[in-house]
Each structure stands twice: as C-alpha cells, then as structure tokens.
Amino acid sequence: MKPCNRLSFCFAVSLLLPFLAHGSGLTDENLLFRAGFDGSFEADFASGSGTPFVPERLLRAGAPGVLKLPPNQMLCYPAPGNIDLEAGTLVIRVRPGFTPGEGVLPKELTEVYLFSLRNRYGHRLDATINEKTGGLYVHAARGKTPTTSVKVDVRGWKKGEWRTVTIAWERPGRLSAAVEGLPPVAVKNARLPECPAEFLYDIYIGSNSQGLPVQQYGKLGTFPGEIDEVRIYRGFASQAPGVLPESCKRSVPPAWPDGIAKQPEWVGRNRRRISFALGETKKQWKNTPVRFRLDLSKELGRLDLAARRAAVASMRLVACDPATGKPLARDVKLSGEERYFQPFQLDDDFLNRMSGELGFVHTGKLPALYSLYFDAEAPYAAPAPAEYPLPGFGMPLMLGKKNRPGIFGGAFRGAFDAVDFDGDGDLDLFFIAGWQTDSGRDLFGGLYYYENLRNRTGYDLFAAPVLIDKGNLEFGRFAQTAPPRLADIDGDGKMECVFISGYLAASAEIVRENGCPKLTGWKPLKFDGKTPKLISSAVLHDFDGDGLPDIFSDGRLHRNIGTKQEPLFRSEGEDLFVAGVRGPQGKILTPGGGDMHTLAWAVADVDGDGRFDLVCGGVSSLLYYFPGRADGRFDRPRQLLTHDGHEIDFPGVFPYPLFRDVDGDGALDLMLGSEDGTLGVCFNRARPGEAMLLMPPVFLQEERAHLNAGTLAIPVAADWNGDGLVDILSGSANGRVYYWENIGTPELPVYRTPVELAAGGRPIILRAGPDGSVQGEGESDWGYTNIEVADWDMDGLKDLIVTGVRGEHVFFRNIGEPGEPRLAPGMLIEADFPGETPVPPGFRFRPRGRELLTVTRCRPSVFDWNGDGLVDYIVTDHTDRLAFYERFRRADGSLGLKPGRHVFELNAPFFRSLVWNHETLGGLKPRPGGMGRSVTQIVDWNGDGRPDLLMDNINARLFLNSSDTPARAVMTDCGDLAPQRLANHNTAPYAADLDGDGIPDLIVGTENGWIYGYLRAYLEKDMPVVSVGPVEGKER
C-alpha cells in the first residue's frame, strides 16, 4: 500500500518523539508554540506565525501584555501541523480572579478552562480549575467523556497570584500536572488521545474547545482571570521553573531579501505605499497565490466610513522588476499608468478595522516585487482594474467586477432590519449572517451594517458590509431567529438594537465610530418571571395602544407591563388568535390544515381596514397573514399573494417578512429575506391606507456581491458553454441549479449574474414534496440539489445530472449545439437491478420502475473507473456506502448501469466529519436524516494515474488511492486540504483546473451559499515568504 506522503512523515516524527523527549528541555530548540500577548495576539510556531480566531470584543480591547478574555469568549489558534500528542509539555502563566475552593463564582462557572487541545476527530487534552473543589484538573478525553484525569489540589492558590502551570504527556500513558509551589501529580496508565501532528486541530486558550455556538453564559468555561506566556515544547518535562527562561521566539517579520530593489519607481497619484517582496517557492508554479495580513489601521483607521470606502477604491497594486524596481505592465493594450495596475482582493471584514487579508495571484517566476499604493484623500474615483483576481487564495469568488451592482447575497438564513441609520433619507440594513459555529468560523458570520448608497447611485444599492459584532455575549449569542430590531425601547429618545429569542434577549445602545455602528451598554431584557425560550423571530410593536412596545413571538403576546424608561415583559405569552387557528396540539395551522411551523413575524395593515395584521413565514416558501379584528384578536390565516393572485416566488425557505416604505411613496412595501441570505422587495402599488397591491419580488443589489447559490452550494467548475473558460454551476438547498458564465479571460475571470438552468423550457426545481424527505413533510420545499456535469450519453456534449433530497438521480440531456447548451426534460437514471429496487431506510415513497435510489443529498461522480472507455457512476448508495455502478453496453447498443459494488476501502483511522453528517463513509446511522449528505468526487489529485477521492469535511478531505486495480481501491486519509474552517452543514469540494496549468485546483461550496477558490500552490502550502517594507510617503 502506498501511504499518503504527509501522513507517513507525521508518523515518522511521532515514532522519533519518545526518544527525543528524555533529552529535551524547555529551550527554544524544542519550542513549538508561543503566545506572549505582547501587544499582539499573533503566536509564534516553530515554523511561521499563527493568526488566531480572536473575538471582536477582545480585538477592540487590544492586547495589553496579558490575556483577559471577556465573559463567554474564546481565543483559538489553528494548529500549524508541528504539534502532536505523542510527547509534549505545555507551560502557562496564570493569575486567577478568584481563590479556588471558595465557591464565590456563579454556578455556571464552577469549572473554568486554562486551555484545550483538540484534534480532528474529537479527542482532546484539557486543563481546568474547579472553583468549588479547589482542584486543577487535566483531562484526557476521547469524545465528550474524560478517559483519564489528573488532579492537583490548588486551594492554597490565592486570588491575583501569578503561578506557572505545567502539563506534560508522553505516550503510551504518561500524564503529569504541576503548579508552581506544589509537587507534580502524575499517572502512568492514562488513555491519551491519538493524534499525529497533521491532525491536531486547534489550541484554545482560556476556554474549552466547544467553540461556537453558545446559548448561555458559562458554556465556554471562559477563565475569569489573566493568562500570560503560553508555550508548548517538544518532549516531556514534569515541571517548569516558576520563572520561565526568556524566549527569543518572537513574531519577527522576514528581512528584505538581498538583490530586491528597495525603492521601486513610483507609479500613480496615491501618496502612500507599502512595498513587499515575494520569495521563491519550492516549485515553479504558473500562478502563485499570495495572501498576507495588511494593516493600514494607523494610516486609514480614523477615516469615516465613506472615506474608508473611497480609500479602498483608490488602492492600486503594481508589480515591479525585482532587480531594477521599474514597473511591469499587466496589460500593454492600456495607456498610461492604468497598464500597470494589478487585480487584488481584500477580505470581507477589511473595512471594519482597515486591516485584514490581502490576496492576489502572481503570474510567472519568483522572486517578485510589488507595491500597494493608498491615500486617505482617495485620488481615484473607482478601482482599477475592476476585475477580481483569479480565485486561488481561499477567499470567496466574486460576482462581476468591483463596485458594480450584483444580487444581494448576505449569508445563510440572514435576518435583518431596515432603518435610516445615517440620516440621509434611505433605508440601511442591519443584517445577521451565518450560524457562528466553530466548524464554520471562517465563513461570513456576525451582525453587519450595509449602508444604502441611493443618494449616490439613484437607486437602492448597498455598500460593502461593515462588521458590527460577531455576537457571543455573556448572556447569549446572535442567531437567525433573533433578528436585530432597531427601536427606542427605553424611552431615552435614542435607537437601541434589540434581540429577542431563546438565544439572546437583550438590548444595546448604538454608537457611531467614524460613521460605523457599534453596540455598547448591553442589558438583558427584563421579564416578570423566567425569560421565555422564544423560537420564532419576534416583533416589537405596541399591540394594546398603551404607548409601550410589546413582544410577539411563537404565536403569543408578551405584554409590556413596565414603564417607558424601564420596560418589563410578561413571561407568559397570551394567545391572540381566534378559535380554529390552532390545531389540537396548539400548533398554528395553514389554511389547508398543515403545521405552519411559524418562524418569522411582521406587523402591517395588509387588507387596508385600518387595523394591523400579523404576517408570518414558516418552513415553507409561502407567506400568510392573519387579519386583525376590532377586539384585538386575529382571524384565521390567508395566503399572502401578489396583486394578481400569484404566489410570492422568492428563492429559499424560511421567508422573512419586513414592512418598510422602500420607495418613499408613503405606502409600506414588503421586504423579504430567506434561508438563502438573499434580500428582495415586493413593491406596494396601492396608495397609503388601501389594501396592499404587491408586485412580484425583485432582488436588492449590493456593491460587493459574491457568487451565491443560496444555502448549501454544491458547485462544479466546468466549461459549460464551450468557450474555453471555466464557468461555475451549482446546486442549492432551494432545489434550483445556478449557472455563472465566465465572460472574462483565463487570467481574470468575470462571472455574470447567475441564471437558473432550465430544461424543456421550464426552470429546474427539484424539491422533496410531501413524501420525499426522510426528515418529514416539514422539508417539502427543500431540494438540496447536488449536481454533476459530464457527457453522460457520450455524444460529445456536456450533460447535467441532478440528485438531492429524494435520492433520485435525474439526467438532463444536452440537446443543444457546441457552445449553445440546451437541456431536454429530465429522465430518471435506472440500474439493471436483478430483483426489487433497493430503497434506503426511512424513505417514504416507492421507487418508479428500476430507478436508482440512494441515500439523501449525495453528489455523484461520473468517471471511467475501470478504464473501459465508458463513464461509470460513483455515489453513496442505499446502504450509505460509497459504491461503483459500472456502465455497460447492452446487446442493442444502448447504455446500461449495473448494480453498485463496494470496491472502496477507507484507511482513515483519524477521520470523523465535524459537521452534521457521517462519522465515516460507510455504515448506517440510526437516524435516517443522519445518513447520506456525502459530497464526493473521484479525481486523480496527485497525478499518479490512480483516481483519488475528495469528500466534504471542514473544507475538502483528501483520500489518496494506493491500489492498482479498480476491483479494490484503498483510499488513505490525508486530512483536509485547506486551513479554513468552512463547514457546519457539509461543504462541497470540487477539483478542477482553474488556471490552465494542467494541475487540479479546488473550489469549495459552503452552507452560506458562497464558493471559495484555491490554487494548487496554496493547498500545497508552497506560498512565497512575504517581506514587507515600511510605509513610504510622497508629496503631491
């Protein structure tokens, strides 16, 4: 068997470490990790520097030399691949804000964490202090339950006293804990976690590794005290000295390389610049992605928001000859300075602090020299070039060109409010994006502000978002069912931001910092009893006319019985519906008698009778309204329709209604969100006070639009229209298939506004229907389309295959011409089963004929597996195992498909998906909804002629094939390809050659609908060292 190269290296190091440990000391030679918090949260590793996941509140507070985490926050460092759990020593300086054993902390903080090391399959090593027992514990755990614990009695450790804590481990069973001034405590038979260095996942400091989301105070076990000087060493050392030896390990920027010009020739009208040199890579790549942290906060951080946007638009990137410093033309067809400007991309949060990631792609040989020009006075009105760079450095693919309008696509299940925050007469957006999960923390998540630029453009166009807060608070967290409600809730004449749900029931003052909204002065909402665990998005509205805002959620009214200055809400909700609205179990029913699954509420006078009505969205894509009565109660629901009686067709489920006067005609319009994160508006053509006449929805537009497939993007990169450029197609949870045509060049792709693919003249929309989801009728409007593009009928044209929630596989034949694809109506893919058609467990419908049925939501691969010249079908089958369905020709010449065979063997002892699906690829799960969800692709990743396996995980899990026969393929787990955490629901990796060098690159679809791109050099960690020069200035 040919092992994965990366793993064999890791195992070899692991075998050597026990022999190295006995001679190891706490010296820089053996230092693997250091976080000193000396003015920065950056950490030093044995090779390179680690950028942590830092909570927004901690970033704003800065790092004054010690770490003091705010309540319910975490600080997490991604492991660099040089730390394993074979043998090591962790040393940490700690000053508790309490005396262990006194029992004075809240009960939620009985056990607080100093650190947690966690690997990719749930094993971990934790150190905690139990404030009640006065013990410091080191837990070795495999899963949730500790397998071994070591206790040190620290009841003599006084509040505010600095001490050094030492934790050491050595396989197979040695585990030790020591506290300065106390003897070490050790065991020799500990069940330690198993973890090669490549699979260590995260280093959490000051909290546990549960991460996000957190629903209540104390879940993270955040340490109430101060932490300083965290170090991890190679080898076992039972106790560190009280005063640690001084370490020379510091984050030292790479020196400017010899032979590279230090003063490139100045280009353009910007007055400031930073030059940086790129070192050589191990391989010579056609295109080398570059990504590094750029901090312009000192130069541009004091600008207001409008000036920041102008400064970003005015930035220019120029490549120079590394020897002479003369500028190099990118496009000789252009004239003047424009010919020199290179495309680049800043990360989505750059505007928030004027610091973040800069990414671009270098073409050609290395070393190289670049200069980034900028100016607070913004001498340019628009970006140049307008194109985004070739996707390759782990940022999302962008729609169109810079500063051009595109369909608004915030992120998964965005909830929002619209107010004129900046006082310019149009509606701005406060938008909650994403789930805020630990496994998906590199996705776009948090509370964001979108300024409306109507006064500049003449129409509603929303500027690039500015992060307000990531949203983990002492008493809760942001959630999609807790939309921001902007209202004066305490009668002080100022607008507060209010959140009402079981995740977070609190309000915050809104302050402006350089034109950006910030939240401060958080207060939990007060109830006359226990805070209710509200599920659906709540409405703040004065229902009883007493001048005080009440809360309506989950179909019940929580009256405000306080005062204007001190609101107090009833804990018990009051039912305001007439008889017949609710079913026997109290559930609110649709007009047809089904469960409405109420999730989002709004208030407006829909029917024009002068009384406000309730409008509701649920798990379907439909909206309903409950007419208000004169007695303050609400009648049975009616479906909310357009003015001509049609359903409001807006992509995605969980429709989120909000009524605002968008066009300024005095009548309320219907603003819409959905699970897809897209926003739209149904304009009301009635006059104020009349029954609403709603137009069909149109999408809102944003200035920095992404390729957004809604929720759960399952993308494919392929030349769909035959023009030689790589296009993007994607499935979606909403059941549609999207196509982004690339109208750019091979070097600079430009993706058009997406179109929904149609077949036989009708849009492709495949949904579960009432019987098609193993999770019940509540998922009837979901489709979870998984797509594959391949020449299935072998006629020379690319066809489309779609499967999804029903586990059926539909073939859409391309009946067009080369360059003009056109799809025929779909046909079910069948297999020549010898007997009854196999059906996965939990399916609620019977197969049609010999149709192929597999477990739900799995992407197939079309690949000539056995090399006979016919493309085969590889997909997770009805038993939840990856199967090979062989293609063959019948006697009449037609193509058939044989029943699936299990030819795949996974060598994956360290594989466990950290998302919502499988633990391993194979073996049934007890719950039908836990089966399937496997997004796979067969591709020769390493170019050895053997087809390998890509699979969803945190981004893209690689299994290399070590077999030479298709009858038995041994696939060895090599871990995730990229460092980013992109999962919650499963990711969707797809390998394709993005830059034309003949080597597979990678795109990854995500839960929030965005698609991320990676060139091969980035995935191989063959990135150039970036040496950054000083900021330089020039007089005008």
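The questions below cover strands, salt bridges and aromatic rings.

Mentor: This is a predicted model, in which local features need pLDDT of at least 70 and side-chain atom pairs count only at pLDDT 80 or more, while totals for chains, interfaces and linings use all residues. Residues are numbered from 1 along each chain as its sequence is written, and side-chain values use heavy atoms, with hydrogens and water left out.

Trainee: What is the order of the strands in the open sheet of four strands?
Mentor: Strands are DSSP runs of E with at least two residues, numbered from the N terminus, and two strands pair if DSSP finds at least two bridges between them. Strand 31 (485-487) and strand 34 are the edges, each pairing on one side only. With antiparallel pairing, the order is 31-32-33-34.

Trainee: How many bridges join strand 33 to strand 34?
Mentor: Arg512 has Pro517 of strand 34 as its bridge partner, and Glu513 stands opposite Cys516. Strand 33 (residues 505-513) and strand 34 (residues 516-524) run antiparallel, and the number of bridges joining them is seven.

Trainee: Which residue in the turn between strand 33 and strand 34 has a positive phi?
Mentor: The two strands form a hairpin with two residues between them. The phi in question is about 55°, and the residue is Asn514.

Trainee: Which residue meets Arg269 in a salt bridge?
Mentor: A salt bridge here is a side-chain nitrogen of Lys or Arg within 4 Å of a carboxyl oxygen of Asp or Glu, and the structure holds 54 of them. For Arg269, the N to O distance is 3.6 Å, and the partner is Glu337.

Trainee: Is Glu387 buried or partly exposed?
Mentor: Buried means under 20% relative accessible area, exposed over 50%, and partly exposed in between (1.4 Å probe, protein chains only). The side chain of Glu387 meets that of Lys401 in a salt bridge of 3.7 Å, N to O. Lys401 has a relative accessible area of 27% and is partly exposed. Glu387 has 19%, so its class is buried.

Trainee: How far apart in sequence are Asp973 and Arg957?
Mentor: Their side chains meet in a salt bridge at 2.8 Å, N to O. Asp973 lies in strand 67 (residues 969-976) and Arg957 in strand 66 (residues 957-961), so the pair ties together parts whose separation is 16 residues.

Trainee: What is the angle between the planes of Phe360 and Tyr370?
Mentor: Rings of Phe, Tyr and Trp (its six-membered ring) pair if their centres lie within 6.5 Å; planes under 30 degrees apart count as stacked, over 60 as edge-to-face and the rest as tilted. Both Phe360 and Tyr370 are buried. Their pair is tilted, at 4.7 Å centre to centre, with a plane angle of 55°.

Trainee: Over which ring does the charged end of Arg316 sit at 4.1 Å from the centre?
Mentor: A charge sits over a ring if NZ of Lys or CZ of Arg is within 6 Å of the ring centre and within 35 degrees of the ring normal. Arg316 lies over the face of Phe341 at 5.3 Å from the ring centre. At 4.1 Å, the ring is that of Tyr380.
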